[in-house]
Amino acid sequence: MSRMPVPDADALAHSEHLRKLLQEQIIAAGGAIPFSRFMELALYAPGLGYYSAGSHKFGMGGDFVTAPELGPLFAATVADAIAPVLQQLGQDAVMLELGGGSGAFAEVALKRLLALDALPSRYALLEPSADLRERQRERLQKRLPPLLFELVEWLDGPIAHEWNGVLFANEVIDALPTPRFTLRDGEVFEEHVALDGEGRFVRRDRPADSLLSAAVRHVERGLDAPFVDGYRSELLAQLPYWLQAVAGGLRSGAMLFVDYGHARGEYYQPQRSEGTLRAFRSHHVGDDPYAFPGLQDLTASVDFTALAEAGTGAGFDFAGYCSQASFLVGNGLMQRLAEAEERAKDDTAKLRLRQEAKQLTLPEAMGERFQAMGFSRDVEFGTAFLAGDLSHRL
């Protein structure tokens, strides 16, 4: 783990406000709160949480770089993959993006879908952060022609009524507040956050409730051996309920998730005995989730087997699962790169595009660490996953 830089005085003051809120929540709860609740407040507490406050997060000047922030290739290629689905659904199809970051994905995807004659009737962004919502609005209003900007809308919640279209989420599931579990004398315990005598956050384990215990035992049955005492990891027991909620009334269409993670057998390997939880700030990775609350992102890798179970359990057909590199190359990344190079103004711009393609596809970069998984209902979407199918790992 690399050493985190020390925040400036204003950032420290902001973090202290959130720290006090967290301390108050712990005291009010009788001395401890589940780690998932701590993570939820650290990321989403109104005006204070990491995603709710005003700091710059995405891109080279922020805390981390997501695929859409690297340049246009990721979003353009994803648009190529989902365009056939939108065309199958017809003129009433809706595109729903969860999160949205800086708006970079929506900007490029809408332009590409227009070029492919596959524009949705609406492009909806489900963005919980008021700050990010405003940044997205400013970017898209500035960079999209009025014809496209008029299609964009921001939602306060999932689409409740029946709808047809495509749901897309890039690096969303990893930021869902996740419970953490451990084993003690063969019994399942849930990780909580308490306070020591000086008000510092400390870890406390309490007996898990029936939902988390059952989820741990379900995972255990699919592994080569039971979890040993002391093993600690994350398990998003609420993932099926979350997926059904965000899909809302999706009747016909497809869902596409891109995130970093592993199939279950790889996720819960014996040597990964402290789980996958990480903290990101200023392009540094840390392992202290309690440090500087509100100033660092907290994430956990995705169990793609659990995602497959949640999607099919919600009544969708499993469309495919592959690495991000295979998904992008299989859906025309090299063609998008060649076209972008032809439009590039100089050699520097061409080099930047080639570096972007490498970052998206090289195994040591995003290519293998990130995976794509799709689901469908009443449409053909499986062809998007034909290159490098990994479903046998699930």
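## Packing of α13 and α14

In this predicted model, the contact between helices α13 and α14 is formed by L333, L337, A340 and E341 of α13 with K350, L353, R354, A357, L360 and T361 of α14. By class, this contact comprises six nonpolar, one polar and three charged residues.

Helix α13 spans residues 333-343 and helix α14 residues 347-361; their axes lie 9 Å apart at an angle of about 165°. Since angles over 145 degrees count as roughly antiparallel, α13 and α14 are therefore roughly antiparallel to each other. Their crossing is right-handed.

## Packing of α1 and α2

Helix α1 (residues 9-28) packs on helix α2 (residues 35-44) at an angle of about 150°, with 10 Å between the axes. That angle makes α1 roughly antiparallel to α2. The crossing of α1 past α2 is right-handed.

On the α1 side, L18, L22 and Q25 take part, and they meet R37, F38, L41 and A42 of α2. The residues of this contact divide into five nonpolar, one polar and one charged.

In soluble globular proteins, nonpolar side chains tend to be buried together. The largest nonpolar core here has 57 residues, of which F74, F105, L256, F327, F381 and F385 touch the most other members. Helix α4 (residues 73-89) supplies the largest share of this core, twelve residues.

Leaving aside residues up to four places away in sequence, F74 touches A67, P68, F105, F168, N170, V258, Q324, L328, E356 and L360. A second, separate core contains 34 residues, including I159, A169, A306 and Y321.

How values were computed: Residues are numbered from 1 along each chain as its sequence is written. This is a predicted model: local features need pLDDT of at least 70, side-chain atom pairs count only at pLDDT 80 or more; totals for chains, interfaces and linings use all residues. Side-chain values use heavy atoms; hydrogens and water are left out. A nonpolar core is a set of buried Ala, Val, Leu, Ile, Met, Phe, Trp, Tyr and Cys residues joined through side-chain atoms within 4.5 Å. Buried means under 20% relative accessible area, exposed over 50%, partly exposed in between (1.4 Å probe, protein chains only). Helices (H or I, at least four residues) and strands (E, at least two) are DSSP runs, numbered from the N terminus. Contact means heavy atoms within 4.5 Å. Axes are lines fitted to C-alpha atoms, for helices over the stretch in contact, and angles run from 0 to 180 degrees between N-to-C directions. Angles under 35 degrees count as roughly parallel, over 145 as roughly antiparallel, 65 to 115 as roughly perpendicular and the rest as oblique. A crossing is left-handed if the near helix is turned anticlockwise from the far one by less than a right angle, and right-handed if clockwise. Ala, Val, Leu, Ile, Met, Phe, Trp, Tyr, Cys and Pro count as nonpolar, Asp, Glu, Lys and Arg as charged, and the others, Gly among them, as polar.
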